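Please look over the sequence and the model shown below before reading on. The report that accompanies them is meant to be read with both at hand.

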Amino acid sequence: MDNTFSSSKIDQKFNLKKTIGLYTKHWFWFVLSVLIFISLTYLYLRYTIPQYQASSEVLIIEDSDEGTNDIFNELSLSSGAEDASMEDEILVFKSRKVLKNVVEDLNLNLQYFTQGVVLENEIYNRTPFEVNLMFSDSLTTDVNFNCFVNVISDTSFEYRVYEDDEPSTKEFGAPIETYFGNVVILPDADETKTYLNRDIRVQIGRVADVVEDLRGKISVTGGQEGSRILTLSLVDPIEQKAKDILNTLIEEYDAHTSEIKNRKSEGTSRLIDDRISRVFSDLENVDASIARFKIGNKVTDVGSQAGQYMTQSFQNEQQIENIRTQLKLLNYTKDRLSSSSGSFQAVPSNLGDGSISALSGQYNALLSQRENKLKSAGAKNSIVQQLDQSISNVKNNLSQNINATTRTLNIQLNSLQNQYQKVNSKISSVPGQENKLKSIERSQGIKESIYLYLLQKKEEAIISQTVTSSNVKVIDPAYSYGQVSPKGSILYMGALFLGFLIPFGFIYAKDLLDTKIHNREDLHKEIDNMSILGEVPRIAKSDKHLVERNDRSILSESFRIIRTNFDFVSRGRNVEKYNNVIFVTSTINGEGKSFFSMNMALTLASTNKKVLLIGADIRNPQIFSAIRSVEDKVTAQAGLTDYIADKSINLNSIISEHTVNDIKVDILFSGKIPPNPAELLMSDRLEELFDTVAADYDYVMVDTAPSMLVTDTLLISKYAGHTFYVTRAGYTEKEILNFTKEIHADNKLNGMMLVVNDVDQSNFGYGARYGYYGAPEKKGWFSRKKA
């Protein structure tokens, strides 16, 4: 089982300190990024025109809130839809017609700008002069024109159309010809001196363009649901201009809605007048119909006339009954008289008529006398006969009178019956006449009520025209929030945020996408069953690349740590042969194994050990180049390949002694590059070489070829007691370390121990920057300045 010097399995939990350290070691980029963004923010604030916000709140008054406007609701066919919704009012505020009136009232299409080095600022209200267009307003709306004016005195100015034109001197008040008509510029005596000898750009814009720009800038928002309060806001570079626009907008909205109300009132008045005329004509026709009906039916009042008919009918009926009663009495008397021709019978005396009553009384009296005489005398009595004669005479007279009276009464009866029938006929026609008259009178009443109602509404319409109520109530006139943009504090905070965010994001993305190892921690995460002897720091080009005797540099200390760790690990391994032979290899080319081999050999030799460095990378030898960089007298000589290929060469003749940085070390160079390196390394002569050097030297350091690229190292791995497997921080891919784990699992290399080369000092250890004890401290630029 392999002995491992590295610590136990690293805790994989989140390490806040380490995570923060990942970013703090790049503090320079954070500072640089923050400074860049703060500088850009400063320039932006310096050359950005400030924007100011003005706001106003208004209450929309509905028609139902005003008593004088009830007529519109009453006359409307859909009165529920009369009160416009708040969305409609918002659209009215932002309508082109209303905004056009605002633009024309404030002359917003005519602007004045002072020229600056970078920016130009608009002048509002207090302008040094006024530009008057000498043509109709209809032409003004389509003008798009720029010119430059430079006031040079109280009476004259320089004028040019384009900025690069040659200026011409003009007098104030003199007409200036343009493509759209003449223009007159009049000075403002109070402001002219303020802008003396300063270029002022005059811009006349199309009204439609200014209106569209204003529509985009003005915001109209409603309150809570059911609320009729609207908030108007506008952002503009000139604070007073923003407030003037909002106040004027409210006035124009009120005028616009009042105009709509007036037009509505006028239309209502015309409608009422027309209806009054029509209803009056209908009313006259109804009155004429009533008159014709009364004339045709000869009545003035159907009700009273019907009463008279009823009274007359009743009287006729009574008279008819009286006559019939009298006729019955007369007929009865007549029957009594006719039935008593042989005898004498009394007759009724109350026959009504005076003569008949007198005769009947006389007749009855004579009968009574006769009766009395008959009691004392016989029928033949002269007195009785005389009475009989008198009775017969009276009876004849009575009969004649009765007959005459009967004829008279029959005539009267017929007359009364005819009259009764006529009256009854008139009575039966009264309901129809009354119904028809009521119908005509009902129509007359309706026409009269409509006529009176319209007359009343006409008066109300006249009042509403003279007193038009406002449609809006200003709660808060336009007031300013002050400068709303750019906000320096917010922008600087944003600059700080971006200044930290961009480097952070870059480092985070780089770390997230990073597939390379950077220190022993990364290596241990990938391979946790092999010893990690240590880390070799990254060396600057200006620093020494080879260790020295008694050197306290970080490079020397790192190799001393590796040497100490190797001694500890090697004592724990039981190696029977070649225990002092150390192979140095890597996965691929460029990981620094030759650099490591050279410095490790020097570190072992600095302890007065006899060390041999063999250049066994015969395909790409680097040891000779490293020695020549420190020893000018080194010359090419036979090496390892020559010894293997030529049996006549003695081993001692190709091993050279060198003093590098006051450290003595023996070196066996690679020799000439052979055409068949793999076959050459399979020679038995190589075993003879390792047996010899293993016995003669305390340590034999062998620089071999990369293990994954060629088979050279695996072919000679049996001669190694230990193997230093070199990886390089920021270079070795984590994925190719699978090859390292594979050859370790298959025991293809003896005693594999890992080394991390070219580690950034900030990544030493497990991501913590500790440095080395006793090493001279490197001072920063500020520290050096302070010293």
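The sections below take up the basis of the model, its strands, a pair of helices and its salt bridges.

## Basis of the model

This is a predicted model, in which local features need pLDDT of at least 70 and side-chain atom pairs count only at pLDDT 80 or more, while totals for chains, interfaces and linings use all residues. Residues are numbered from 1 along each chain as its sequence is written, and side-chain values use heavy atoms, with hydrogens and water left out.

## An open sheet of three strands

Strands β4, β9 and β8 form an open sheet in the order β4-β9-β8, with antiparallel pairing. Strands here are DSSP runs of E with at least two residues, and helices are runs of H or I with at least four, numbered from the N terminus; two strands pair if DSSP finds at least two bridges between them. Because β4 (129-133) and β8 (175-178) each have a single partner strand, they stand at the edges, and one side of each is left without a neighbour in the sheet. Neighbouring strands of this sheet are turned by 30 degrees against each other on average, direction ignored, where axes are lines fitted to C-alpha atoms, for helices over the stretch in contact, and angles run from 0 to 180 degrees between N-to-C directions.

Five bridges join β4 to strand β9 (residues 181-187) in the antiparallel sense, and Asn 132 stands opposite Val 184 in β9.

Strand β5 (residues 145-151) and β6 run antiparallel and are joined by four bridges; they form a hairpin with four residues between them. Val 149 stands opposite Tyr 159 in β6. On pairing with strand β7 (residues 168-171), β6 is again antiparallel, over four bridges, and the bridge partner of Glu 158 in β7 is Thr 169.

Strand β6 (residues 156-160) is mostly covered, as four of its five residues are buried; buried means under 20% relative accessible area, exposed means over 50%, and partly exposed lies in between, for a 1.4 Å probe and protein chains only.

## The crossing of α2 and α13

The axes of helix α2 (residues 27-46) and helix α13 (residues 488-513) come within 8 Å and cross at roughly 150 degrees. Residues of α2 that meet α13 include Trp 29, Phe 30, Phe 37 and Tyr 44, and among those of α13 that meet α2 are Leu 491, Tyr 492, Phe 500 and Pro 503, contact meaning heavy atoms within 4.5 Å. The residues of this contact divide into 18 nonpolar, four polar and no charged, where Ala, Val, Leu, Ile, Met, Phe, Trp, Tyr, Cys and Pro count as nonpolar, Asp, Glu, Lys and Arg as charged, and the others, Gly among them, as polar.

## Salt bridges

Across the whole structure, a search finds 22 salt bridges, each defined as a side-chain nitrogen of Lys or Arg within 4 Å of a carboxyl oxygen of Asp or Glu. One of them joins the side chains of Lys 241 and Glu 122 (3.0 Å, N to O). Since Lys 241 lies in helix α9 (residues 239-297) and Glu 122 in strand β3 (residues 120-123), the pair ties together parts that are 119 residues apart in sequence. Lys 241 counts as buried, at 6% relative accessibility.

The side chains of Arg 206 and Asp 209 also meet in a salt bridge (3.8 Å, N to O); Arg 206 is partly exposed at 36% relative accessibility, and Asp 209 is partly exposed with a relative accessible area of 43%. Lys 544, which counts as exposed at 57% relative accessibility, forms a salt bridge with Glu 548 (2.3 Å, N to O). Arg 538, Arg 728, Asp 758 and Asp 760 are linked in a network of salt bridges.
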